[in-house]
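Hi there,

Here is the structure I promised to pass on to you. Have a look at it first, and then read my notes below.

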Amino acid sequence: MSEMVERYPTVAPPRALDYPEAIMPHPMRDESELTAGVRIVPGRDYGFFTDTSLCIGCKACEVACKEWNALPADNIGLTGESYDNTAALSATTWRHVAFVEQISTAADERATTMQPYQSNWLMMSDICKHCENAACLEACPTGALFYTEFGTVVVQQDICNGCGYCVPACPFGVIMTSKIDGKAHKCTLCYDRLKGGLEPACAKACPTDSIQFGELRELQERAQRRLTTLHARGVPNAALYGAPGTPGTTGGIGPLHAFFLLLDRPERYGLPVAPTLPSTRVRLAFLAGLATMTGVVIAAAATFLNGRK
Amino acid sequence: MSEMTERAPYGRRKRRDEDLSANADSPRDSRPYRNETYYGRPSIKPSHWGWLIAGYYFTGGLGGGAQVIATVVDLASPERDRTIVRAGRYISLAALLASPPLLIADLHTPVRFYNMLRIVRPTSPMSIGSWALSVFGLFAGLTAVAQGVEDLTGSTVARRAARWLSVPAAGMGMVMAGYTGALSAATSVPLWAAIPRALPTLFGLASTASALAAITLAAEARNAPEGTQHRLERLSLIIGVGELALHAIISQIWRARDVAGPIETPKLGALHKYGMVGLGAALPVAIHAAQQLTGRRSRTGTIIAAAATLAGVFIERLVIVFGGNESARSATDYLRFTQPRKPRMGQNRIVSDDGETQSGTTNR
């Protein structure tokens, strides 16, 4: 309860009183201060804490993302996989709400004897992780991908030539090339909105605050507190994914700037437990190739220096 | 874009190796992984690579390998094996001319191909490879031109120029022959990522083998001296034996890491067994060994071995490219591949919640 008070002060923040107009005459300055309680300052790291224990699967984040980023509709149809008809992140889907119905397959356990309500549902809004060390960026040969001043990872559309090397590099299967325009696309963490002092669209649209936007360090502390609360309330399965020292940060990837609180093992959400940064294999692979060719040169020299006429 | 930023736009962030056991507040499910997935949907995305990239792996490797062989022979035995030097340089040029169109055609936005040379990025084999191909193309092209001038005019100046130009070309050729292995291994695809050492080694040997096969065919067409053919065959045999050994090692690693699935499917499995290993290595090695041991070389045998090598190496590229894509499409392969591995010998210490160091293996 104290947490709620902390997140939602009962008294409106003083700045809210600066705008009594019904129709805004101009854009609000530092709007995120009012909507997310954080001022967006270049040079600091920002991110998302997606608390899946609060997610109700409304997909408002998906819609808000598509709306703001003017992304085309895709995959219109039914997958047969619970309420998830989005299926996966793609070049035109930057938020994806996953649904897992935890229905026991044990013969002696009936639905009526299982825990009621949302306890049997896993819902999780997946997104680009904006890795501390981003595999897509390290793979990009054109420099189209870059680390922004907000600690996020963005594709510059005017530089990307659609080589597609970032696609198999990503350890989370996020970035994808589009057949529509021939470039790689993924979540930008609303780079344009951050520039204008606005909270990213998905977080602003989230009705339950499952998606929380803020300064990364503050979010990580908040996540730890939430985890402690949940454990105390009897949710032992709750665990963080992508916060420092938790799964998803392995193999040189480092803390994920969009991280999660999960209620089941990461694999159930399709997330790898101990992924690795592909670039950690580059030096090893190059040395192996060059050593091989050095061996070839020696063998060839030996063969052609000797031998019969 | 004028704001001051904490890090340079392309700057590398600080590497922090995260220790999973360090976070006491995040208890992990300690049950072993039992192939749980999200509706069997893959957790990573496959590359879009197909025939074009397999073709480039083949031509790039062939061009690089041919330049290396031609240069070594030019320095080691320039007179008696002149056929090899000439053939090697021209084959290298031909393969080189075929490579960039394949790569550019594979881009989703081909008109922006020049952006490949916009930056140098050491963490990206694609970036290193683009530069290597460019420098290689420059020197290998000039070498071939000098060789052409020599062939037409008999100029000794051209001959010396070709030799000087071929050394940097061969240096880049060494990169060209094997870097595509690094390109594949530096991804999240289990089939490729499982063999970061063996894959570039295999590609290097396969590139050399295909170059030797192409040179052998050219030498056969030009009726090269018997000694030249003998030495070519001996080197092919050495490389082939190496390839066979490597195939065994790679299959072993794939099985050990539990990512061999795509290679065991009927189609790719057959291509792997009969094409990549059989046609590409086993058959040529058998023919070369028989001819070297008996000391009698048949023209037919040589041509069959060379053709089999070329076909086998191309099939190998196809198997690796398409196998990798299948590997990425398998949800369980990747999620199994990314399970925490048991600490290696001497590293089996875990820090418990209260900071006390215990010995033993982590139960994950």
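Let's start where the two chains meet: 80 residues of chain A are in contact with 91 residues of chain B (contact means that the C-beta atoms, placed from the backbone, lie within 7 Å). On the chain A side, helix 9 (282-305) is among the elements that supply at least two residues each, and helix 9 of chain A gives the most, with 17 residues. Sorted by class, this side of chain A has 45 nonpolar, 24 polar and 11 charged residues. Here Ala, Val, Leu, Ile, Met, Phe, Trp, Tyr, Cys and Pro count as nonpolar, Asp, Glu, Lys and Arg as charged, and the others, Gly among them, as polar. Helices (H or I, at least four residues) and strands (E, at least two) are DSSP runs, numbered from the N terminus.

Two notes on what you are looking at. This is a predicted model, where local features need pLDDT of at least 70, side-chain atom pairs count only at pLDDT 80 or more, and totals for chains, interfaces and linings use all residues. Residues are numbered from 1 along each chain as its sequence is written, while chains are lettered from A and ligands numbered from 1 in the order in which they are written.

Next, find strand 10 (residues 258-262) of chain A. Five of its five residues are buried (20 or more other C-beta atoms within 10 Å of the residue's own; 12 or fewer is exposed, in between is partly exposed, with C-beta atoms placed from the backbone). A:A258, A:F260 and A:L262 point one way from the strand, and A:F259 and A:L261 the other way. Strand 10 of chain A pairs with strand 1 (residues 46-51) of chain A in the parallel sense over four bridges (pairing takes at least two DSSP bridges), and A:F49 has A:F259 as its bridge partner.

Is A:V154 buried or exposed? A:V154 counts as buried because it has 20 C-beta neighbours inside 10 Å. This residue lies in strand 5 (residues 153-155) of chain A. Leaving out residues up to four places away in sequence, A:V154 touches A:F146, A:T148, A:T188 and A:Y191.

Enjoy exploring, and write back with any questions!
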